[in-house]
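Colleague: I would like to learn how to read a structure like this one. Could we take it feature by feature?

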Amino acid sequence: MSHHEITREHFEQSSWDERYAGDGRTWSGRPNAVLVAEASDLEPGRAVDLGCGEGGDAIWLAERGWQVTAIDFSEAGLRKAAEHAAERGVADRIEFRQADLRTWTPEGEQWDLVTSCFLHLLDHGMLDATRQMAGAVAPGGTLLVAGHHPDDEHTGLRWSMPGVMFTAEELAPAVDPERFDVRAEAPQRTESRHDETHTVTDAVLVARRCAAAAG
């Protein structure tokens, strides 16, 4: 799908079920570089991966000793992710859940790492989603939200609709600065596609929740 043909339907479950339904993998199966950079030094605990797709990030975390809750709205994606987790021998470390992240709430559950890499929602929906995610971070835990930065729109590498791409600064107000140490960045990396290498910009929000204070 070229970036010119993106429609609102692209953001619906049926569209993603169709994408994930074929043989083989839609994505590489490797974890996102931003997750590797931010989570490699964290002490493994409980993690939730929102918009887990085919499970690359969730499997990487499980292999490093995390107990992972992996959430996506695509049944086909979750099926593939579960198959890959079984192949890698970490099925017992990952609980797959189907949920629509436009309406998802943690319902009081908390994790030591809450991560969402390249989940994009319509109508600036990531702001609300980030607010929900921040509420799911346990004391001393980490929130990581990464996405495609609007600077990439002109490259033609990204599908683009108004209100879908975001900067980390736009998401930062969803996180309480009194309870979190917040970092908003726009790191660049190279990405190869069709034998061409491009420089792309990510939007990366990292928020570490202060450990619970007494009283």
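Modeller: Start with one residue and its neighbours. Contact means heavy atoms within 4.5 Å. Leaving out residues up to four places away in sequence, Thr167 touches His149, Pro150 and Ala203. Before going on, note that this is a predicted model, where local features need pLDDT of at least 70, side-chain atom pairs count only at pLDDT 80 or more, and totals for chains, interfaces and linings use all residues. Residues are numbered from 1 along each chain as its sequence is written, and side-chain values use heavy atoms, with hydrogens and water left out.

Colleague: Where does Thr167 lie, and is Thr167 buried or exposed?

Modeller: Two terms are needed. Buried means under 20% relative accessible area, exposed means over 50%, and partly exposed is in between (1.4 Å probe, protein chains only). Helices (H or I, at least four residues) and strands (E, at least two) are DSSP runs, numbered from the N terminus. Thr167 sits in the loop between strand S5 (137-148) and helix H6 (168-171). Its relative accessible area is 13%, so Thr167 is buried.

Colleague: How many helices and strands does the protein chain have?

Modeller: The protein chain has six helices and eight strands. Along the sequence they follow the pattern α-α-β-α-β-α-β-β-α-β-α-β-β-β. The protein chain has 215 residues, of which 47% count as buried. Among contacts between residues at least 6 apart in sequence, 68% join residues at least 24 apart.

Colleague: How do I read a helix, and which residues of H3 are buried?

Modeller: An α-helix has 3.6 residues a turn, so residues three or four places apart point the same way. In helix H3 (residues 56-63), seven of the eight residues are buried, so the helix is largely enclosed by the rest of the structure. The buried ones are Gly56, Asp57, Ala58, Ile59, Trp60, Leu61 and Ala62.

Colleague: What covers the buried residues of H3?

Modeller: The cover includes helices H2 (33-39) and H4 (75-87), along with strands S1 (46-50), S2 (67-72), S3 (94-98) and S4 (111-117). After H3 comes Gly65, which has a positive phi, near 105 degrees.

Colleague: How are aromatic pairs counted, and what is the count here?

Modeller: Rings of Phe, Tyr and Trp (its six-membered ring) pair if their centres lie within 6.5 Å; planes under 30 degrees apart count as stacked, over 60 as edge-to-face, and the rest as tilted. The count comes to one aromatic pair. In that pair, the ring centres of Trp104 and Trp111 are 6.4 Å apart and the planes stand at 40 degrees, so the pair is tilted. Trp104 is buried at 11% relative accessible area, and Trp111 is buried at 1%.

Colleague: What about cysteines, and how many disulfides are found?

Modeller: A disulfide is a covalent bond between the sulfur atoms of two cysteines. The test is a pair of cysteine sulfur atoms within 2.5 Å. A search of the whole structure finds zero disulfides. As for individual cysteines, Cys117 is buried, with a relative accessible area of 8%, whereas Cys210 is partly exposed at 39%.

Colleague: How many salt bridges does the structure hold?

Modeller: Side chains of opposite charge can pair when their charged atoms come close. The rule asks for a side-chain nitrogen of Lys or Arg within 4 Å of a carboxyl oxygen of Asp or Glu. The structure holds 11 salt bridges. One of them joins Glu38 and Arg183, with the closest N and O atoms 2.5 Å apart. Glu38 lies in helix H2 and Arg183 in strand S6 (residues 180-185), so this pair ties together parts that are 145 residues apart in sequence. Glu38 is buried at 16% relative accessible area, while Arg183 is partly exposed at 31%.

Colleague: Which residue besides Glu38 forms a salt bridge with Arg183?

Modeller: Glu185 does, and there the closest N and O atoms are 2.9 Å apart. Glu185 is partly exposed, with a relative accessible area of 33%. Salt bridges that share partners also join Arg46, Glu95, Arg97 and Glu109 into one network.
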